[in-house]
Amino acid sequence: MTFRLPSAAPLLRTPQTAVLEGIAGFVPPDAVPNHALPAAWDVDDAWVRRRTGIGERRRAAPGVTTGDLAVEAAGRALAVAGGPLVDAVIVATSTPDRPMPAMAPRLATRLGLGEIAAWDVSAACSGFVYGLAAAVGALTSGCADRVLLVAAEVYSTLLDPQDRSAGIVFGDGAAAVVLRRGEREELGGVLALDLGSDGSGDQLIQVAGGGAQERSRPGEFGPGDRYFRMRGREVFQHAVTRMTQSAHTVLKRADWAAGDVDRFCAHQANARILSAVGDRIPLPGERHVTNIARVGNTGAASIPLALADAAARGELRAGERLLLTAFGAGLTWGSAALVWPELPTVPHIDTIDTDAVAVPTAVPPAVSAADPALRTQIA
């Protein structure tokens with residue numbers, strides 16, 4: 001039996017919603033510029049930039065995990081928000097440290113947040129928007145008063161060294177937001193959401209091995225099935241179509257026209273997809289929020305990382321209307337409309353002298369125990 005909901009089913013009917021009160025990002029210090037890509041890939045800087053818009057991507061050092069990046073981003077976001085208590089943690093990732101248990105409970109413990117609700121969201125590159133919807137639900141239902149939402153990826157652990165198509169695109173990074181229950185009229189309020197999926201396209205973007213399917217039928221899988229695979233040409237069309245449709249749905253739910261949008265932040269898949277979606281909404285390039293040239297495609301972390309980067313550079317102003325949209329494996333997609341809040345100024349720091357910089361006092365003490373080698377970049 002198939003159940004169908006109306007495609008424009010209203011969301012956020014209540015006067016309350018999630019309100020953004022802190023954001024921060026983190027990427028590992030090791031940059032891989034285009035000229036340093038493996039010689040066997042036979043690419044140069046101009047070729048990569050022309051196809052993807054990417055100039056460099058970040059790679060986590062051996063032994064550094066998704067959880068390590070998540071701790072750094074989360075600690076900074078809590079500091080920006082003033083170090084408030086949170087009663088739920090949501091982690092969006094496709095690269096968890098382990099298949100089980102979920103990452104969120106361990107993250108909450110590492111941050112010193114106590115025995116609070118904590119769970120993971122797995123929606124690939126749509127993970128942040130799906131996590132945002134989960135946070136709104138937890139807040140408006142009364143399950144939480146304040147939520148820490150973290151999106152983190154170490155895609156380098158999934159990449160086939162022989163696959164240049166994925167290797168030139170994906171990078172490692174994390175970003176986090178702090179959300180509280182508030183009124184829709186407040187600055188920072190999430191005004192509308194849209195989510196969707198199509199499981200018939202589940203093989204277009206996948207890591208086939210490593211799960212219960214491989215364990216139950218090991219003869220069907222080989223070593224290469226543990227790597228990320230994507231059918232780029234088909235994914236491009238799906239991504240452009242789904243993000244455009246979802247963005248239009250969310251605009252309708254927010255009662256906005258495209259011209260009402262001040263800033264547009266799409267999943268940082270590649271520059272051609274970003275341009276194609278922007279043209280179809282339509283939203284001119286000067287309204288786009290993007291940092292793909294410096295960090296590549298960071299999966300679920302890409303939208304909040306781009307927003308954190310823009311906030312650090314003073315490019316986002318309180319009261320601006322933001323449209324977010326994403327697409328990922330599953331297939332999954334989603335969009336959100338929100339109004340940017342008034343946030344403390346966050347300095348943009350490219351490299352930090354770890355011996356000279358103290359962890360902000362607003363960050364829980366457990367954060368200072370993170371690997372010092374990580375503490376080298378704020379986005």
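Pro-282 sits in the loop that connects helix H8, residues 271-280, to helix H9, residues 292-295. This is a predicted model, and in it the peptide bond from Ile-281 to Pro-282 is cis, with omega near -5 degrees. A cis peptide bond also joins Met-100 and Pro-101, where omega is about 5 degrees. Pro-101 belongs to the loop between strand S4 (88-92) and helix H3 (103-110).

Next, phi. Most residues other than glycine have a negative phi. Asp-42 has a positive one, near 55 degrees, and lies in the loop between strand S2 (30-33) and helix H1 (45-52). Ala-124 also has a positive phi, about 55 degrees, without being a glycine; its loop runs between strand S5 (117-121) and H4. Which of these is buried and which exposed? Asp-42 is exposed, at 65% relative accessible area. Ala-124, at 9%, counts as buried, because the cut-off for buried is under 20%.

Now the sheet. It is open, has 4 strands in the order S8-S13-S12-S11, and its pairing is mixed. S8 (190-197) and S11 (263-266) are the edge strands; each has a single partner, so one side of each has no neighbour in the sheet. From one strand to the next the twist averages 10 degrees. S8 and S13 (residues 332-339) run antiparallel, joined by 7 bridges; Asp-194 has Ser-335 in S13 as its bridge partner.

As for helices, H4 (residues 127-140) lies across S8, S12 (321-328) and S13, at about 125 degrees to S8. H10 (residues 302-312) packs on the sheet too, touching S11 and S12, with its direction at about 145 degrees to that of S12.

Definitions and conventions:
Residues numbered from 1 in each chain as written. Predicted model: local features only at pLDDT ≥ 70, side-chain atom pairs only at ≥ 80, totals over all residues. Heavy atoms only, no water. Pairing = 2+ DSSP bridges. Helix = DSSP H or I, 4+ residues; strand = E, 2+ residues; numbered from the N terminus. Axes fitted to C-alpha atoms, helices over the stretch in contact; angles between N-to-C directions. Contact = heavy atoms within 4.5 Å. Buried < 20%, exposed > 50% of the residue type's maximum accessible area, 1.4 Å probe, protein only.
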